[in-house]
Amino acid sequence: MNVIIEWYKEGMEIVPPCFIANMPDDVYHAHPEGISSTGLKAMLRSPAHFRFQSARAPSRAMEMGSAIHTALLEPSRFKKDYVLLRDVKDRVASEYKQAIKVHAPSRVLTAREADKVSGMQEAILSNLLMRSRLTCEGWRELSLFVRCPETGVLVRVRFDLLTEDGVIVDVKKTQDARPEPFSRAIDNYSYDLSAALYSDALEWATGERHTFEFAAVEEEMPHGHKLYQPCNTTLEEGRRKYREALALFAECEKTGSWPSLPCDEVEVISLPGYRLSQIESELQDGGVY
C-alpha cells in the first residue's frame, strides 16, 4: 500500500486527506474540527451528549488500555517508557508514590498490572498467527484526517496498526475472546461502527478497499486471544450507524442546534429484547409467569 506519511510537528497544518505519524494522543483528540468514531457513537445517543462531553482525566482502566496497546504493538517503546514495580502490590505503597514523583502515574505499573500486561505479551508471542500479525511491518497509532465524500465532514481515525499491505488491525482488550461473547461486545460497544468507519475512511484516502481485523485479547489469565474479521453484514450495520451519525452531525453543525433526548410524550418501556424472547419461549413451552 503506497501512502504518504507525514511526521507530526507541533503547530503543523492539517490538510486532509493526510496520514500523520507520532501525533500525541491529546493533540489528536483535541483537534477542533471534525469528528471521530467515539464522537459518532455519542451522536447516536444524542447531539447534546456529543456536544457536552466533559473533558475528564483518563481512568486507570483507560491508562491500562494504553499500556496494553503499547506492550502488544510497540514492545520496545513499552520497555523504554514504562516502569514495572514487580514487588509493589498497590498504589498506596511508598515505592509507588516515590516512582510517580519521577514518572507519569500512567507509566508506572504495580505488580498485578505489570503481570497482566506481561502475560498478555507472552500469550501473543506464543501464537504464530497473532504474533506475525501484531509484529509485522506497518504503522502503529497512525492518524488519518479525511473528509466524508457524502457529507463533507472531516473524519478523524487513529489506527492501532495499519500493515504495509493495507490490513487494519484493531486491538481489543476483552473479558472473553470466544466468538459469541466477543460478538456481543461488538454489538454492545459499537465496534462495528468503528470497523466500518476505519475501513471506509482508508478507502476515501487511498481509493482502495482494505481488510479490517479485530485482535481480541483477554485481560485475565490465561489471556485467550483470537483474530477476527467482521462479516459483511456486521460492516454494513456499522456503516448504517456511522452514516446516520455523520448526517446528524452535519445537520447540527449547519443549524447550530444540538438537541438532547426527545421527550414529547410518555413512552411504554419493556425488558430488553433478548429477555422478551426468553419469556415468550418459556411461555410457549408451558412456563408460568
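## Arg107 and its salt bridges

Let's start with Arg107, which is partly exposed, at 29% relative accessibility. Keep in mind that this is a predicted model. The side chain of Arg107 forms a salt bridge with that of Asp81, with 3.5 Å from N to O. Asp81 sits in helix α5 (residues 75-81), while Arg107 is in the loop between α6 (94-99) and β5 (108-109), so this pair ties together parts that are 26 residues apart in sequence.

The two also belong to a network of salt bridges, along with Glu74, Arg77 and Lys80. In total, the structure has 26 salt bridges.

Asp200 and Arg239 make another salt bridge, at 2.7 Å from N to O. Asp200 belongs to helix α10 and Arg239 to helix α11, so here the linked parts are 39 residues apart in sequence. Both of these residues are buried.

Then there's the pair Asp170 and Lys172, whose side chains meet at 3.3 Å, N to O. Asp170 is buried at 6% relative accessibility, and Lys172 is buried too, with a relative accessible area of 15%.

## A buried arginine

Now look at Arg60, in helix α4 (residues 60-73). What is its relative accessible area? The value is 15%, so Arg60 counts as buried.

Helix α9 covers residues 179-188, and Pro181, Phe182, Ala185 and Ile186 are buried in it. Seen down the helix axis, these buried residues fall within an arc of 150°, so they line one face of α9. The general idea is handy here: an α-helix has 3.6 residues a turn, so residues three or four places apart point the same way.

On the other side of α9, Glu180, Asp187 and Asn188 are exposed. The buried residues of α9 pack against several elements, among them β8 (168-174), α10 (191-206) and α11 (232-255). After α9 comes Ser190, which has a positive phi, near 55°.

How values were computed
Residues numbered from 1 in each chain as written. Predicted model: local features only at pLDDT ≥ 70, side-chain atom pairs only at ≥ 80, totals over all residues. Heavy atoms only, no water. Buried < 20%, exposed > 50% of the residue type's maximum accessible area, 1.4 Å probe, protein only. Helix = DSSP H or I, 4+ residues; strand = E, 2+ residues; numbered from the N terminus. Arc of directions from axis to C-beta. Contact = heavy atoms within 4.5 Å. Salt bridge = Lys/Arg side-chain N within 4 Å of Asp/Glu carboxyl O.
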